[in-house]
Amino acid sequence: MQELLVEMAKGLVEAPDAVSVTVDEPNEDGVVVYHLHVAPDDMGRVIGKHGKIAKALRVVMKATASRANEKVQVEID
């Protein structure tokens, strides 16, 4: 899952070396939180107009997680 998020983000940004993801342990509800970190100049590229790209990233991650019976949340830091 982490690799999927990294690869999607690297395809969007100008500085792919600055892309990193940290993963939190599952909380009491069983939700795993993925924190996506990108270069400050690339933040707009990852969020998109009105958050459309960020929403698409979250939809893909949730769809992938649901196939594995997991719950995920993506935060863009």
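Guide: Two strands pair if DSSP finds at least two bridges between them. Helices (H or I, at least four residues) and strands (E, at least two) are DSSP runs, numbered from the N terminus. This is a predicted model, in which local features need pLDDT of at least 70 and side-chain atom pairs count only at pLDDT 80 or more, while totals for chains, interfaces and linings use all residues. Residues are numbered from 1 along each chain as its sequence is written, and side-chain values use heavy atoms, leaving out hydrogens and water.

Visitor: Which residue of β3 does Tyr34 stand opposite?

Guide: Strands of a sheet pair through backbone hydrogen bonds, either parallel or antiparallel. Here, Tyr34 stands opposite Val74. β2 and β3 run parallel, joined by six bridges.

Visitor: In what order do the three strands form the sheet?

Guide: The order is β1-β2-β3, in an open sheet with mixed pairing. β1 and β3 are the edge strands, each pairing on one side only.

Visitor: Thanks! Now the helix: which residues of α1 are buried?

Guide: An α-helix has 3.6 residues a turn, so residues three or four places apart point the same way. In α1 (residues 2–10), Leu5, Val6 and Ala9 are buried (under 20% relative accessible area, with exposed over 50% and partly exposed in between; 1.4 Å probe, protein chains only). Down the axis of α1, these buried residues fall within an arc of 100 degrees, so they line one face of the helix; the arc is that of the directions from the helix axis to the C-beta atoms.

Visitor: And which residues are exposed on the other side of α1?

Guide: Those are Glu3 and Glu7.
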